[in-house]
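This briefing goes through a set of computed features, grouped by topic. Please keep the sequence and the structure in view while reading.

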Amino acid sequence: MPAQGGGDVLLRRVFAATVLVVSLAGCTLSSGEEPEDGERRVVLVTHDSFAMSEEVLDAFRERSGIRIDVRKLGDAGALTNQLVLTKDNPVGDLAFGVDTTFASRALDEDVFSPYESPEADQGPQRYAIDDTNRLTAVDVGDVCVNIDPAALTAKGVPEPTTYADLTKAEYQDMLVVEDPATSSPGLAFLLGTIAELGDGWREYWMALKGRGVQVVSGWEEAYTQEFSGSSGKGPRPIVVSYASSPSAELAEDGTPRTKAVLGTCFRQVEYAGVLQGAAEEQDARKVLDFLLSAEFQAQVPEQMYVYPAREGVDLPEAWEKAAPLPDAPAELDPAEISRNRERWIDEWRALVQG
């Protein structure tokens, strides 16, 4: 998922089922090792940017007697593919990281079993996909255009505020985006333009192409190499990143050096669910409750650079100033995304890279 510290969640080959299991308690275990005496093990399969405070995880382990081990299987798309391919012989007990763009596929393939957590009515219910309780929201990571205000001022151009602004002549050769075929934020940005513009999204992308939009494979390259507002000090002052990104780009006095354009955000929610056929179904439910707990949710912003799904969780001070949660992000029905995702990507490729 979306974390500056973890880089882009690039689309990559799914790791084999024999991939090492990393203990979230701080050790590395092979898949053949056993937990310590008296401990039970729940295998959590997730994406490459999953992270959490060892203190919080240790406290859960001490309290519950459950060791949580994680298998990292790439980005949300790679994770979903692996869950579908192994649904008759699941690679874990619980999955976290299937997001808005892939949730319908996982549900259609009956990957998850129903479970309504007692913590789910504390905010996650706002992002429920359906009424089956197979997937529960854990965090929100809105994808938005980010800008380097100082660089724009130096070029004598105003800050863009909408999708349409980016097609204006004054922003020639300033925007860098990620390829939606290989990047989670790249796909989210494409979906945002479709949600905002409807059938006009194709003409919009042709206009961006005419304005010299640069397309790179993933977030890491776009943000850390091409974007002028990052430590890489690249040549382009406009990039597709996350609403939370400015919280990582603070000046010494605490003011943000970059800004998210909140009129260009697409809502991306990450979900967790107990896998059908889980060997440790009851303990997996307890781990899901833990992912929704106030204790875990309070760590989500600093550890994974996303917003907690739980209501009433205080954001870090830097987030209040630099990374407020967008009020009205663009959204699409997950079922519509599932039906059209591959066709939209193919059309985008023909338009922009053809």
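In this predicted model, and leaving aside its neighbours within four places in sequence, Trp 205 is in contact with Val 177, Phe 189, Leu 190, Thr 193, Trp 348 and Val 352.

**Nonpolar cores**
- The largest nonpolar core holds 72 residues, of which Val 45, Leu 83, Val 98, Phe 112, Val 145, Trp 205 and Ile 238 touch the most other members.
- Helix 5 supplies the largest share of this core, namely six residues.

**Helix 5**
- Helix 5 covers residues 184-197, and its 14 residues reach 20 Å from the first C-alpha to the last, close to the 20 Å expected at 1.5 Å a residue.
- Because 11 of its 14 residues are buried, helix 5 is largely enclosed by the rest of the structure.
- At the start of helix 5, a side-chain oxygen of Ser 183 comes to within 3.2 Å of the backbone nitrogen of Gly 186, while Gly 198, just after the helix, takes a positive phi of about 60°.

**Asp 283**
- Asp 283 lies in helix 8, which covers residues 281-292, and it counts as buried because its relative accessibility is 8%, under the 20% cut-off.

Conventions. Residues are numbered from 1 along each chain as its sequence is written. This is a predicted model: local features need pLDDT of at least 70, side-chain atom pairs count only at pLDDT 80 or more; totals for chains, interfaces and linings use all residues. Side-chain values use heavy atoms; hydrogens and water are left out. Helices (H or I, at least four residues) and strands (E, at least two) are DSSP runs, numbered from the N terminus. Buried means under 20% relative accessible area, exposed over 50%, partly exposed in between (1.4 Å probe, protein chains only). The expected span of a helix is 1.5 Å times one less than its number of residues. A polar contact is a pair of N or O atoms within 3.5 Å; within protein, one must be able to donate a hydrogen and the other to accept it, and residues adjacent in sequence count only if both atoms are side-chain atoms. A nonpolar core is a set of buried Ala, Val, Leu, Ile, Met, Phe, Trp, Tyr and Cys residues joined through side-chain atoms within 4.5 Å. Contact means heavy atoms within 4.5 Å.
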